[in-house]
Amino acid sequence: MSFQKYLAYEGDKNMKISNLINENLINLELDTKTKDETLVEMIKMIKDNGNITSVDCFKEDVFKREREGTTGVGMGLAIPHGKSEAVTKECFAIAKLKEPVEWNSLDGNPVSFVVMLAVPAEKATTLHLKLLSKLSYLLMDDDFRKRLMASNSKKELIDLISKREEE
Amino acid sequence: MYIVCVTSCPTGIAHTFMAAANLKKAGNKMGIEIKIETQGAGGTENKITEDDLKKADGVIIASDVSINDAERFDKLPVLECGVSEAISDPEGIIKELIEGIDK
């Protein structure tokens, strides 16, 4: 499943998915009890990394998206996202949950791995949007997703993503 | 058998592409040639061409929003579903379309 063949790229060829995450945007043992709590903790991570101007404003947009339909896509994975004026720089955050939480997922199973996408309301460069889209696409690759979910170090997670996107 | 699909969702970043990935995967598994156009936040990708339309036996529109250029499919059997259905049960949707075509 080669995404390069599927999506035509333009612009900066050196820009990669793995540039949109760093170790501050990863928590490998997030200890939360509910979906809402998980979302809020991840939004705070994104705020602490300087990608959004306001926790409350981004939270409103992320929760709005949740109300439109579940982001729990099954297989223990959720991919919440907000397109928001609060986002100043595109990024994504990853959390592995200590205990799976209920997410009203498509397959009914609780979620243990969350990838949150922060998307600017305007002025988003098409390239960055495509990179986040590519990440969504790659997460459906069973082998890749399983390896990500089994990963126990932040560096390994980032390495897995950067290796996979070059394939 | 050749199937063309369009996926789209409100944000156009996540579900559109997960649905595309899973439809593609299901098509490969079932041995059916399938092409998926994504109408996402970054624009339309992998656009279905006139040649594709001539070749196509059926269409799947997996979307939670109204898609661009839906009228080009007017003469083909079309199955419409929510984008989430294409993520969770892509094989079921492809089968449903094929059953509809065979009738």
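Q: Which residues of α1(B) meet which residues of α4(B)?
A: From α1(B) come Asn22(B), Leu23(B), Lys25(B), Ala26(B), Gly27(B) and Met30(B), and they meet Pro90(B), Glu91(B) and Ile94(B) of α4(B). By class, that contact holds five nonpolar, two polar and two charged residues. Keep in mind that this is a predicted model.

Q: OK, and at what angle do those two helices pack?
A: At about 65°, with the axes 8 Å apart. Helix α1 covers residues 15-30 of chain B, and helix α4 covers residues 90-102 of chain B.

Q: Is the crossing right-handed or left-handed?
A: The crossing of α1(B) and α4(B) is right-handed.

Q: Let's move to the sheet in chain B. What's the strand order?
A: The order is β3-β2-β1-β4-β5 (chain B), in an open sheet of five strands with mixed pairing.

Q: Why is one side of β3 and of β5 left without a neighbour in the sheet?
A: β3 (43-45) and β5 (78-81) of chain B stand at the edges and have a single partner strand each, so one side of each has no neighbour in the sheet. On average, neighbouring strands of this sheet are turned by 15° against each other, ignoring direction.

Q: How many bridges are there between β1 and β2 of chain B?
A: Seven bridges, with the two strands paired in the parallel sense. β1 is residues 2-8 and β2 is residues 33-40 of chain B. As one example, Val6(B) has Glu37(B) in β2(B) as its bridge partner.

Q: And which strands does α1(B) touch?
A: α1(B) packs on the sheet and touches β1, β2 and β4 (58-63) of chain B. The direction of α1(B) makes about 180° with that of β2(B).

Q: New topic: the largest nonpolar core. Which of its residues touch the most other members?
A: Those are Phe92(A), Leu117(A), Ala118(A) and Met18(B), out of 76 residues in that core. The largest share of the core is from strand β6 (residues 111-120) of chain A, which gives eight residues.

Q: How many residues does each chain bring to the contact?
A: Chain A brings 25 residues and chain B brings 21 residues.

Q: Which elements of chain A give two or more residues to the side that touches chain B?
A: They are α3 (55-68), β2 (72-74), β4 (81-84), β6 and α4 (126-138) of chain A. α4(A) gives the most, with seven residues. By class, this side of chain A has 14 nonpolar, six polar and five charged residues.

Q: Back to β6(A). How many of its residues are buried?
A: Nine of its ten, and β6(A) is mostly covered.

Q: Which way do the residues of β4(A) point?
A: His81(A) and Lys83(A) point one way, while Gly82(A) and Ser84(A) point the other way, and all are buried. In β6(A), His81(A) has Leu117(A) as its bridge partner, and Lys83(A) stands opposite Val119(A).

Q: Last topic, the backbone. What's the phi of Asn46(B)?
A: About 55°, a positive value, although Asn46(B) is not a glycine. Asn46(B) is in the loop between β3 and α2 (50-55) of chain B.

Q: Why does Asn46(B) count as partly exposed?
A: Because Asn46(B) has 17 C-beta neighbours inside 10 Å, and partly exposed lies between 12 or fewer for exposed and 20 or more for buried.

Q: And where is Asp69(B) found?
A: In the loop between β4 and β5 of chain B. Asp69(B) has a positive phi of about 55° too, although it is not a glycine. Asp69(B) is exposed, with 12 other C-beta atoms within 10 Å.

Definitions and conventions
Residues numbered from 1 in each chain as written. Chains lettered and ligands numbered in written order. Predicted model: local features only at pLDDT ≥ 70, side-chain atom pairs only at ≥ 80, totals over all residues. Axes fitted to C-alpha atoms, helices over the stretch in contact; angles between N-to-C directions. Helix = DSSP H or I, 4+ residues; strand = E, 2+ residues; numbered from the N terminus. Left-handed = near helix turned anticlockwise from the far one by under 90°. Contact = placed C-beta atoms within 7 Å. Nonpolar A, V, L, I, M, F, W, Y, C, P; charged D, E, K, R; others polar. Pairing = 2+ DSSP bridges. Core = buried A, V, L, I, M, F, W, Y, C linked by C-beta atoms within 7 Å.
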